[in-house]
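Dear colleague,

Below is the structure I promised to hand over to you.

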Amino acid sequence: INAEYGEHMMNGKERINKKNKAGATFTDDGFSMGVAYTLKLLDQYSAFDSLHWFQSVNQKFGREERAVHESNRGRGEVDVKLDQTNTLTMKRLDEYRQEFELLYYSLSSARIFFRSDDVEEVG
């Protein structure tokens, strides 16, 4: 669901610059509020944290970026089309990474909103 949310937000932001702005989205914290509320209601904060989901997403994007860089290194001659494809791929990966980073911050903020007084502060 989180991956689909990232795709949805990227598509919504792309529509802002188009003539037909139907479905355009600048920001949407409803998803993260809903996730935080559900995790709180079901007492699943620690279970969700144990997944290390956001770390896994960052590692995935890192692996994909390294694969693009490796494809650039492995060839001798300059292939303009491959360079363009790799540039677009890197741009898209960066956009995805930023979107998931925003989701992380939004979810963290929403979790603070639903925090109860019996939560122990760490640090």
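**Salt bridges, helices and a surface patch**

The structure holds 5 salt bridges, a salt bridge being a side-chain nitrogen of Lys or Arg within 4 Å of a carboxyl oxygen of Asp or Glu. Before going further, please keep in mind that this is a predicted model, in which local features need pLDDT of at least 70 and side-chain atom pairs count only at pLDDT 80 or more, while totals for chains, interfaces and linings use all residues. Residues are numbered from 1 along each chain as its sequence is written, and side-chain values use heavy atoms, with hydrogens and water left out.

One of the salt bridges joins aspartate 49 to arginine 111, with 2.7 Å between the closest N and O atoms. This pair links distant parts of the chain, as aspartate 49 sits in helix α3 and arginine 111 in helix α5, 62 residues apart; helices here are DSSP runs (H or I, at least four residues), numbered from the N terminus. Aspartate 49 has a relative accessible area of 36% and is therefore partly exposed, given that buried means under 20% relative accessible area, exposed over 50%, and partly exposed in between (1.4 Å probe, protein chains only).

Glutamate 64 and lysine 60 meet at 2.6 Å, N to O, and both belong to helix α4, where they are 4 residues apart, about one turn of the helix. Glutamate 64, at 29% relative accessibility, is partly exposed, and lysine 60 is partly exposed too, at 37%. In helix α5, lysine 91 and glutamate 95 are likewise 4 residues apart, and their side chains form a salt bridge of 3.2 Å, N to O. Here lysine 91 counts as exposed because its relative accessibility is 51%, whereas glutamate 95, at 25%, is partly exposed. Lys91 and Glu95 are also linked with Arg92 in a network of salt bridges.

Helix α2 has 12 residues and reaches 16 Å from its first C-alpha to its last, close to the 16 Å expected. Its buried residues are Phe31, Ser32, Ala36 and Leu39, and, seen down the axis of α2, they fall within an arc of 130°, so they line one face of the helix. After α2 comes aspartate 43, whose phi is positive, near 55°.

Tyrosine 37 is also found in helix α2 and, with a relative accessible area of 44%, is partly exposed. Together with Leu41 and Leu42, Tyr37 makes a nonpolar surface patch of about 340 Å². Patches are made of residues with over 30% relative accessible area and no salt bridge, where like charges are joined within 9 Å and nonpolar side chains (Val, Leu, Ile, Met, Phe, Trp, Tyr) within 5 Å.

Note on methods
Accessible areas come from the Shrake-Rupley method with a 1.4 Å probe; for residues, only the protein chains shown count as cover. Helices (H or I, at least four residues) and strands (E, at least two) are DSSP runs, numbered from the N terminus. The expected span of a helix is 1.5 Å times one less than its number of residues. The arc is that of the directions from the helix axis to the C-beta atoms.
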